[in-house]
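Trainee: Could you take me through one part of this structure up close? I would like to follow a single residue and then a sheet.

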Amino acid sequence: MNRSSANKPRPARPAPAGLLVLLFGVILSAQAVQEQGGAKRPAQAPSTRRMSERLEKIGKSLEAVRLSYTGLADPGMLRYFWQIRQPLDFRGELIVEARAGYDLLLQGRSREAARRLAQVKKSVIANSAPFDPSFLKNIRELLAVSYLRAGQQENYSDHHNTDASLLPVAASGIYTVRDGAEAAIKEYLEILREDPDDLTSRWLLNLACMSLGEYPEKVPKPWLIPPGVFRSAYDMKRFKDIAPQLNLDVTALAGGSVIEDFDGDGYLDVMTSSLGFDKERDQLRYFHNNGDGTFSDRTLEAGLNGITGGLQISSADYNNDGCVDVFIPRGAWLGRIGHHPPSLLRNNCDGTFTDVTEEAGLMTLHPSQTAVWGDFDNDGWIDLFIGNESMPTYRALSINIELAASPSINKPIYFFDYQDLSPCQLFHNNGDGTFTDMANKVGLGVLGWVKGAAWGDYNNDGLPDLYISRLGEPNLLMRNDGKDASGQWKFTDVTEQAGVSEPIQSYACWFWDYDNDGWLDIFVSGYSIEDFAHQAGQATADYLGRPFTAETPRLYRNNHDGSFRDVTREVGLHHPLFSMGGNYGDLDNDGYPDLYLGTGGLDYRALLPNRMFRNNGGKYFQDVTTSAGVGHLQKGQAVSFGDVDNDGNQDIYAVFGGVYPGDAFQRALFLNPGHKNHWVKLKLEGVRSNRAAIGARIKISVNVKEGIRDIYSTVSTGGSFGSSSLQQEIGLGQATSIRAVEVTWPATGRTQTFEHLRMDRSYIIRENGSAPETINLDRLNLSGEAKRTKAVPGKSGAASK
């Protein structure tokens, strides 16, 4: 498919020229790679090179901070850094050894950690008098998870046996290197004999037995988690992780993802980030879909070398040239030391990107994870809201191994001062490649620990409103009121009257029409941060039907009168999901959007399955995690939906990995098996509206056996943590034909109606165009063969009214 010329004048361009790391080694020292595969790097734009150099300096600075808080797993260094000048007694020596073992674990040196912690355990058992009773249990738990982690690394982190990382572990995923899991089982049995109600250890015992093929038979009955609790409520068919065979399974830390057609050839490409600043592990990666069933790593050719960091990526065509650009916020979770520059990467429409952050006026230094594009004033140029993080004075997010031997070490192993005030920003697109911050003028300069944000016209007045998810305080719904009497644009906080302030502990969020009534609803995930170490125990309680105390998500149904109703319980989503990332799409093409959530936390014991829920007719959701084979046990982060193989079914690119060096993991691409329902793909192209048509509303009327059915969609990239393709991939269920497609364009509010489009086809619809154009695509066999579909090039014959 050839890229059509832009319908708007383009702005002039110059010529190309751990979460926080928790103050731990997200940054590893690395030398710049000057060549790859024997080929020299292509020329890089000077502005991109400057950003690369800036990021390298930040990485070195963070490494220095890390060294000031940790001892590199060396007891002697720990003594120095924790200001222990005098010789230590027996108790102090073991505390330092325990801390050193924990450092080793976080670095990924699990076997070494286990050896050191095993010695600590032995010494404490021999002389327990100086220690609080909880100390020995803490050591046992860390020792057990060190063994468990060693088994994971040796069986699938290092070799990427994809089945070994899914719940429940399949026969093909059973460990071949068994001693790590066997030692973990021994430790968990000891823990449970002394504390039978420890649900976290019970969960991890069952996982360890699964990994050896001994579940459920060899799990002691008192601590067995029955297999039936994992059974799916519906057969979603198995999604296969094909990332390894496509070389998309890069190993990195927590990060963002985008599925998008960056070069306009009709095939969806992949981009992924990693929050650290290591030049190799945390390099932004751009994978080009070659259209023949393979992908190529085009990172260097695209001029992106040295662009590192970023927990999220947000995509949009900010300059209306028909090529999708990306924005990367940085500094999330870092508070005062997270005042890092973001990156606006302009797509040059020639396979390369240029960092234009400075010339665009976006070089502001605030810690941020979330950013979302939306044309708030409907002037045809997409604007950018950045949810900066203003954090409480102090939070401890890691394990306190022990009661202190002295005040100097009576602290969590890693701690940091979060105190920071960074108001959110709203950058108005000036239409010339630059932006102006208008947040305070329009009422969006809010404070909070912002972890998610989404635009959506919840009251159908034609103006996009904004939902803001804040961790630890009420969320916000900001109604777009347009211009006031003085001509100033204004937003009003309507959270209370709308009834959408919860959950207080929240993360990802989005607007969607889950029940297909033409009114946008709100989903916001729940995320408890007080006790990462026992997230698995909370999930276990839920699986067993016991009470739990963790936060749950909220699904707010639109009442059509400016208010919402919390329907979380009645639709089956009242679970402690601990979801950070997530997104939605119609995975079975039945015309109702489903969701996939990335779960987990900082602690290595937070091994929870990512969860998939199927929308059953807009009435309730069914947990289909195990039948779909997507219950990945590693830390789930960004999630992106898109039809990567052009078969009409949405696939899922998922980012896995934590914030510590030892918690890096491979990304996954789950290939949708298909569900024999119909679909249509629409690529909208604005003329008066923004080029990517973000915010455009689509209504599809189809003929079904029962009569006529309406299906709704709004153009966006989906959830706030992970960016899906901007082309609208819409399921039609068992429709017999399409009666009409209505598109309401955001800038003008004008609705165009097109009739007689065919099902199972892809179209381009241009604002004010006379008829949709059929896109001639290849349906890909991702083993490497390409098969041409029987799409007809040119006009579809659809009539416009």
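Mentor: Happy to! Met271 has 0% relative accessibility, so it counts as buried (under 20% relative accessible area, with exposed over 50% and partly exposed in between, using a 1.4 Å probe and protein chains only). Before we go on, this is a predicted model, where local features need pLDDT of at least 70, side-chain atom pairs count only at pLDDT 80 or more, and totals for chains, interfaces and linings use all residues. Residues are numbered from 1 along each chain as its sequence is written, and side-chain values use heavy atoms, leaving out hydrogens and water.

Met271 sits in strand 6, residues 269-272 (strands are DSSP runs of E, at least two residues, numbered from the N terminus). Leaving aside residues up to four places away in sequence, Met271 touches, among others, Val258, Phe262, Leu304, Ile313 and Phe353 (contact means heavy atoms within 4.5 Å). Tyr286 is also on that list; Met271 and Tyr286 lie 15 residues apart in sequence, with their C-alpha atoms 4.5 Å apart in space.

Four strands form an open sheet in the order 23-24-25-26, with antiparallel pairing (two strands pair if DSSP finds at least two bridges between them). Strand 23 (506-512) and strand 26 (564-566) are at the edges with a single partner strand each, so one side of each has no neighbour in the sheet. Five bridges link strand 23 to the antiparallel strand 24, residues 521-526. Cys509 has Val524 as its bridge partner in strand 24, while Phe511 stands opposite Ile522.
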